[in-house]
Amino acid sequence: METIVSIRPFLAVLVSILAVPLIVSTRRTNFREGWTFFAAFAKFSIIASMTPVILDGVEIEYTIAQVLPSVAIKLKVDAFGMLFALVSSFLWIVTSAYSIGYMRRLKEHSQTRYFCYFALSLSATIGVAFSANLLTLYLFYEMLSFATYPLVTHHQDMEGRSSGRKYLLFIVGSSIGLVLPAMLFIYHMTGTLEFAQQGFIAGIVPPKLIWILVLLFVFGFAKAAVMPFHSWLPAAMVAPTPVSALLHAVAVVKVGVFCILRVLTGVFGTQLLFSSQMDTVVLYLASFTIIAASLVALSQDSLKSRLAYSTIGQLSYIILSAALLSPKGMIGGMMHIAMHAFGKITLFFCAGAIFVATGTKNISQMVGIGKRMPVTLSCFFIGSLSVIGIPPGGGFISKWYLILGTLEADQRFMLFILLSSSLLNAAYFLPIIYKAFFCTPEESLFENKIDEAPPWCLVPLTITAICSIFLFFYPEPFFSLAKIVSVGIFSGQ
Amino acid sequence: MSQHFPAFIIVIPLIAAFFIFTAGWLKRTYCFYIAAVALAISLFSSFGLLLQVLQNKVVVYHFGGWSPPWGIAYRVDYLNGIVLVVSAAIAFLNLIATKKSVEKEFIERVGPFYALYVLFVTGTMGIVVTGDAFNLYVLLEIASLTGYALIGMGTEHAALASLNYVFMGTIGASFYLLGIGYLYIATGSLNMFDIASILPNIFQSNVVLFAFVICLTGLFIKMALFPMHTWLPNAYTYSPSPAISLIAPLTTKVMVYVMIRILLSVFTPSFSFKSMAVNTSFVWLAVIAIVVGSILALSQQSLKRMLSYVMIAEIGYMVGGFWLANRAGITGAILHIINDAAMTLCVFLVAGNILYRVPGDSFDNLKGLFRKMPFSMGAFVVGALSIIGVPPTCGFFSKWYLITGGIAAGHYGFVAALLFSSLVNVVLFFRIFEIGYFEPFGDLHISGSMDEEEKTFDDAPLGMLVPLMIVAAGLIVLGIYTDTLVTKVIQFAIPGGIS
Amino acid sequence: MVDLLTIIISKYNYWGYIVLMMIGLYAMIVKKNLVKKIIGMSIFQTAIIFFYVSIGMKKNATIPIISHGHDGGEHAVHAVDFINPLPHVLMLTAIVVSVATLGVALALAIKIYQQYNSLEEDEIDSQIKVK
């Protein structure tokens with residue numbers, strides 16, 4: 001695997017940090033939003049510019065600082081990181097546009113602070129995507145936790161405070177209490193923390209400790225919301241919807257899953273997972289989360305809560321895909337990172353649009369809303385198709401590969417889990433749409449005139465909905481990237 | 001000129017103290033400037049010394065030309081070179097940062113205050129730079145007495161707190177003196193390195209053992225290691241803010257330095273660490289200090305008092321790290337001396353800024369501070385993240401070494417205590433963030449423009465903010481340059497025999 | 001038994017300083033009056049000064065002061081005839097330190113008295129608790 005050195009990964013991380021002073025210093029709100037857009041576009045272009053290199057099979061690395069003997073803060077771009085970075089940075093552009101519509105219509109306070117911390121959170125996300133070793137990963141993971149706290153607690157009310165506490169308890173408590181000792185133990189035993197293709201602790205760490213370490217990491221990266229460390233996610237829904245959309249459907253939660261996958265493949269390696277039978281343990285943890293989250297989602301009346309529990313379930317799909325230890329399953333999981341992101345962000349955008357236009361948060365109050373906001377609800381329909389996994393939603397491709405993966409790995413029970421959870425997904429999404437569109441005029445709670453969300457909200461959500469369908473027909477570059485990842489991990493076997 | 005740097009470090013502030021005192025009568029405004037010049041020269045000399053040490057490994061200075069063991073020799077090597085620079089920098093930055101605060105609190109007593117300040121720095125720097133055991137006692141008492149006086153200048157129960165500190169501090173220093181006396185009986189010398197060369201012949205002697213025990217006990221009292229920590233919270237809480245941001249970062253850390261110096265250079269590791277039972281017991285004592293300090297901090301209702309209990313826990317980090325008796329642990333302890341001094345300065349400067357604008361520092365007074373004093377609170381966030389141990393701030397890296405040292409020594413109780421303390425620190429500091437950020441509760445949707453936010457802005461004056469920002473930035477710089485610090489300086493400070 | 005007594009009697013200076021030190025510590029810890037505590041502290045420090053001075057003692061030796069005779073002090077000094085001057089010198093410093101500590105402690109006691117109108121620890125504590 002050829003590697004070149006370039007400062008571009010560092011620039012990609014840095015560009016939104018540098019935008020923060022610019023955002024803070026401008027008086028005019030339009031300029032402030034302008035700087036956010038500029039940073040988002042710049043970030044996406046830098047990342048996109050590195051894509052051809054990665055698709056050729058080359059990796060890019062850059063050392064920021066040698067902070068400890070034998071461990072540095074170092075960035076390395078490979079296919080896995082590139083996939084995640086592309087998704088996040090593209091969706092930031094869309095979310096910034098959405099934020100403008102949302103925050104302005106609701107006349108939210110402290111918007112400058114909001115945009116600043118958003119920029120910092122994206123910096124941290126890209127930092128995680130491009131981390132070359134466990135220390136850098138931990139650094140950016142923590143930075144993300146602290147950068148998103150002011151966003152979650154944006155409303156500065158009692159509810160915000162208690163949700164903030166839960167957020168901290170689960171996310172920071174687990175990273176300091178579980179990940180940090182695991183990381184230091186590995187450093188003590190092996191003297192290095194660099195991710196390697198087949199992991200690097202096989203043979204050095206005694207087998208008995210492997211399962212403790214795996215559990216420490218799976219639960220320690222609580223951003224992945226593996227049960228029982230999931231309660232922070234529904235609590236975080238008190239944040240403004242753009243935060244929930246980008247961060248808690250795409251950036252933060254995918255960071256958690258990304259970290260788990262990165263550690264499972266880069267530190268432990270597939271061989272070690274198989275020989276220590278930790279793959280089975282992780283499979284069962286993930287499948288429990290999938291089913292339990294989907295069942296809980298059915299009982300939620302608040303739309304954002306339902307979406308939150310849906311996210312918890314979908315995240316464990318990706319963890320499951322890694323634990324299957326099969327090439328097709330890995331492709332499915334990688335693709336799901338992208339497909340779920342586009343689908344879920346559409347759903348969250350719709351939820352926010354509904355709140356901005358009508359003030360409703362609960363599903364029971366959304367009877368007949370399709371008549372009033374047809375565009376929004378149609379996009380909601382498309383988004384749910386993608387998440388459920390029905391064509392032409394892009395999610396169909398990722399679920400298809402996941403199913404192939406379960407067959408390849410001879411895990412019939414997992415196939416059953418996947419299919420039944422898809423049914424549950426349908427059960428908690430489709431009734432919303434049915435009630436929204438197909439109800440009698442008496443039942444409808446809304447008048448029969450069209451009164452959509454503001455255009456700054458509407459355009460982004462249509463864009464992401466169209467992307468979800470587009471990705472079904474043309475899933476590049478994600479598919480190629482996913483294939484490179486899969487080949488890289490399984491070529492040793 | 002440059003060969004006299006060791007002398008300049010303490011003689012210049014000492015002489016300056018007299019000038020400041022007289023200027024206090026004649027023309028008060030000169031006091032600050034004399035102090036600033038003296039401390040700047042000290043800082044410059046310590047930098048110069050560190051550079052000399054990096055080149056020559058050791059710098060030895062014979063006072064008055066008398067060679068040891070008859071004369072007093074000052075000896076600077078890697079260990080005290082770096083601690084000197086850190087102490088001088090803290091004293092200087094703190095002087096600049098607290099100028100406005102001193103003028104507000106002590107306007108008629110500016111002369112005595114700065115004289116005491118500079119004498120305290122003399123004593124503290126002297127402790128670090130000296131190579132003579134009795135000279136260390138003298139300078140220790142200089143630093144302690146001026147510390148007592150500075151603390152006693154505070155409000156409320158400051159005098160009583162200081163008197164209690166006097167009692168405990170005197171016991172501690174006297175025990176140290178007693179220990180030195182026994183070493184003198186056994187070896188006939190007072191020069192640290194001379195003693196070190198004579199001691200190996202008499203390691204079995206009870207005299208040496210007693211000296212070891214009593215010296216350590218005295219030092220533990222002075223550094224507020226549990227259970228001899230009871231003087232610290234009261235003394236730190238009631239002390240005036242300009243004084244405490246000088247005393248808190250320096251006193252206890254310099255005592256830890258003295259412990260390391262005595263145990264590594266005088267008694268040498270072969271004696272200090274040979275009994276595993278002692279090592280493990282001291283680590284467990286440190287564990288108790290960390291746990292008790294963290295838990296007691298949770299029940300406090302005022303900022304400075306909470307911070308002083310956090311300090312007690314931090315002492316546990318350093319003492320425990322050292323007694324792990326492996327390279328990673330001792331590196332962590334030395335690194336933490338540097339890092340903790342910087343972090344302590346940062347948070348206590350913020351406390352000083354807050355007290356400059358707000359009547360008290362109980363948690364009720366901290367409402368809405370993020371809006372009112374965003375820059376000070378921003379620096380407080382950096383300091384808090386460093387105490388919690390979040391990369392890339394320096395606090396994370398000293399915890400890194402301490403935890404790896406604990407794992408290497410198999411002392412998982414110490415590792416657990418460190419993690420526990422980090423988690424408790426998250427709770428402690430986020431409680432303050434919550435009060436400053438969320439309260440007072442109100443409908444914030446009315447305003448959306450930036451003008452509203454500016455009306456409540458009332459941060460500390462620039463003269464207090466700029467040094468604070470430098471310190472906060474320094475925390476991150478120290479973190480990123482950990483590798484340089486460890487490989488260029490600290491690793492040479494640890495004797496070769498330790499693995 | 002006789003040996004034990006011999007040991008105790010021959011090391012009388014050590015016993016002396018230990019007893020003094022314990023008296024000082026007792027006063028500092030147990031007594032409630034602040035001035036008595038300060039006196040205890042002074043006794044404690046004096047005990048240590050006593051210890052240092054006593055270890056310089058030698059048999060058949062005199063005070064370490066060279067008297068300048070008529071020949072202008074040219075004759076050699078036999079160290080054997082003089083007791084060790086170094087501990088005395090060190091203790092001059094320590095006495096100064098002790099005096100300074102005493103001064104600081106008394107100044108603080110005056111301030112305490114002005115504030116609480118009492119020098120008894122329990123009375124002061126009850127005043128603090130009321131506040």
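Predicted model: local features only at pLDDT ≥ 70, side-chain atom pairs only at ≥ 80, totals over all residues.

Biologist: OK, which chains share the most contacts?

Modeller: Chains A and B do, out of 2 pairs of chains in contact.

Biologist: And how far apart are the closest C-alpha atoms of chain A and chain C?

Modeller: They lie 33 Å apart, and no contact joins chain A and chain C.

Biologist: Let's look at B against C then. How many residues does the contact take from each chain?

Modeller: Chain B puts in 21 residues and chain C puts in 25 residues. On the chain B side, helix H6 (133–152) and helix H7 (158–187) each supply at least two residues.

Biologist: Which one gives the most to that side?

Modeller: H7(B), with 13 residues. By class, the side of chain B that touches chain C has 14 nonpolar, 6 polar and 1 charged residues.

Biologist: Switching to chain A. In what order do the strands of the open sheet run?

Modeller: The order is E1-E2-E3, so 3 strands with mixed pairing. Strand E1 (3–5) and strand E3 (71–77) of chain A are the edges; each has a single partner strand, so one side of each is left without a neighbour in the sheet. From one strand to the next, the twist averages 35°.

Biologist: In what sense do E1(A) and E2(A) pair, parallel or antiparallel?

Modeller: Parallel, over 3 bridges, with E2(A) covering residues 59–68. Thr3(A) stands opposite Glu59(A) of E2(A).

Biologist: What packs on the sheet?

Modeller: Helix H1 of chain A, residues 8–25, touching E2 and E3 of chain A. The direction of H1 makes about 70° with that of E2(A).

Biologist: New topic: Ser468(A). Where is its place?

Modeller: In helix H18 of chain A, which covers residues 455–473.

Biologist: Buried or exposed?

Modeller: Buried, because Ser468(A) has 29 C-beta neighbours inside 10 Å, and 20 or more is what it takes to count as buried.

Biologist: Which residues is Ser468(A) in contact with, leaving aside its neighbours within four places in sequence?

Modeller: Phe342(A), Gly343(A), Thr346(A), Ile382(A), Gly383(A), Ser386(A), Gly393(A) and Gly394(A).

Biologist: And how far apart in space are Ser468(A) and Pro392(A)?

Modeller: C-alpha to C-alpha, Ser468(A) and Pro392(A) are 8.4 Å apart, while in sequence they are 76 residues apart.

Note on methods:
Residues numbered from 1 in each chain as written. Chains lettered and ligands numbered in written order. Contact = placed C-beta atoms within 7 Å. Helix = DSSP H or I, 4+ residues; strand = E, 2+ residues; numbered from the N terminus. Nonpolar A, V, L, I, M, F, W, Y, C, P; charged D, E, K, R; others polar. Pairing = 2+ DSSP bridges. Axes fitted to C-alpha atoms, helices over the stretch in contact; angles between N-to-C directions. Buried ≥ 20, exposed ≤ 12 C-beta atoms within 10 Å, placed from the backbone.
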